[in-house]
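Visitor: I would like a close look at one part of this structure, namely its aromatic side chains and what surrounds them. Please take it step by step.

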Amino acid sequence: MFRKRKGIILEYTAALFDFDGTLANSNELINRTHYTVLEELFPGKYTMESVLQFNGPSLDEVYGTLIPDRKQEIITKYRQLNSELHDEMITLFNGVKEELTLLKEKGIKLAIVSTKRNDMIERGIKVLGLENLFSVVIGSYSYSHYKPDPEPVYRALAELNVPHNQAVMIGDNTHDIESATNAGIPSIFVEWSQKTLKEIEPYEPTYTVKNMRALSAIILGENMNKQIQHEEVPSQCKNK
């Protein structure tokens, strides 16, 4: 059911965003960090292309699977290197700040729901100039079970005080789509992801979008086609 507010037809009153790869173009940062760490552990085994599979799952999942007896040591090493490279390598995808600002002005409650540490999310928000846009930040310190478990989504909905039928989850990875589905809310897959539509289709996102304007249109109820097709996919855009 649609809701009408100030002349605008709204389907949703809250938007939950993944951070890395959805709002922040941190793909190169994450991939380089994984590759550097794994090259030291397993020389010659991984390439920059093959480490793409580790962009999305939690560090606990990645290194708990690859090298369980040294998991915490390797995660600490990953985080140290990632932190050193972070501020210079993280960027915004085109249209992110403008469309988030528009959504907030229209009364949409914005939240981040990420597997990233809370302090690093806050650091990224500051570096990218996104301060004062998000009502809630849900990071790995906020819950016990990572996406695709629904707990992170539940936490965000509870803190926002928004019912399930008025919220949507936006992300670039299978974990985001699954977490939304498991929590009983719709999902939006962003096509500027490193994941392809073919890879994401089995997870049945409610919508797919090619750019931030199309995403805003869905949230504001401006276009209800399941797939909103526009010409350009966002590229990275420095915005500090």
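How many aromatic pairs does a search of the whole structure find?

Guide: This is a predicted model. A search of the whole structure finds five aromatic pairs. One of them is formed by Tyr-63 and Tyr-78, whose ring centres are 6.3 Å apart. The angle between their planes is 50°, and the pair is classed as tilted. Tyr-63 and Tyr-78 are both buried.

Phe-93 and Trp-192 form another tilted pair, at 6.0 Å centre to centre and 45° between the planes. Phe-93 is in strand 5 (residues 91-93), while Trp-192 is in the loop between strand 9 (187-190) and helix 8 (197-200), so the pair ties together parts that are 99 residues apart in sequence. Both Phe-93 and Trp-192 are buried as well.

Ring pairs also join Phe-42, Tyr-46 and Phe-54 into a cluster. Phe-42 has a further contact in that its ring lies under the charged end of Lys-45, which is 5.2 Å from the ring centre.

Tyr-78 leads on to the largest pocket. Among the 31 residues that line this pocket, Tyr-78 is one of those nearest its centre, along with Asp-20, Leu-59, Thr-115 and Lys-116. The volume of the largest pocket is about 530 Å³. Helix 3 provides seven residues, the largest share of the lining. Helix 1 (27-41), helix 2, helix 3 and helix 7 (174-183) each contribute at least two residues to the lining of the largest pocket. Its lining is made up of nine nonpolar, 13 polar and nine charged residues. At least three lining residues come from each of domain 1 (14-25 + 91-220) and domain 2 (26-89).

The C-alpha atom of Tyr-154 is 9.7 Å from that of Gly-184, a residue 30 positions away along the chain.

In the loop between strand 7 (136-138) and helix 6 lies Pro-148. The peptide bond that joins Lys-147 and Pro-148 is cis, with omega of about 20°. In the loop between helix 6 and strand 8 (167-171) lies Asn-161. Asn-161 has a positive phi of about 60°, although it is not a glycine. With a relative accessible area of 66%, Asn-161 is exposed.

A positive phi is also found at Glu-204, at about 55°, and this residue is not a glycine either. Glu-204 is in the loop between helix 8 and strand 10 (207-209). Its relative accessible area is 63%, and Glu-204 is therefore exposed.

Note on methods:
Residues are numbered from 1 along each chain as its sequence is written. This is a predicted model: local features need pLDDT of at least 70, side-chain atom pairs count only at pLDDT 80 or more; totals for chains, interfaces and linings use all residues. Side-chain values use heavy atoms; hydrogens and water are left out. Rings of Phe, Tyr and Trp (its six-membered ring) pair if their centres lie within 6.5 Å; planes under 30 degrees apart count as stacked, over 60 as edge-to-face and the rest as tilted. Buried means under 20% relative accessible area, exposed over 50%, partly exposed in between (1.4 Å probe, protein chains only). Helices (H or I, at least four residues) and strands (E, at least two) are DSSP runs, numbered from the N terminus. A charge sits over a ring if NZ of Lys or CZ of Arg is within 6 Å of the ring centre and within 35 degrees of the ring normal. On a 1 Å grid over the protein atoms alone, a cavity is a set of points where a 1.4 Å probe fits but cannot get out, and a pocket is an open set with protein on both sides within 12 Å along at least five of seven lines; lining residues have an atom within 4 Å of a point. Grid points are joined across faces, edges and corners, and a volume is the space filled by probe spheres set on the points. Ala, Val, Leu, Ile, Met, Phe, Trp, Tyr, Cys and Pro count as nonpolar, Asp, Glu, Lys and Arg as charged, and the others, Gly among them, as polar. Domain bounds come from an automatic or database domain assignment.
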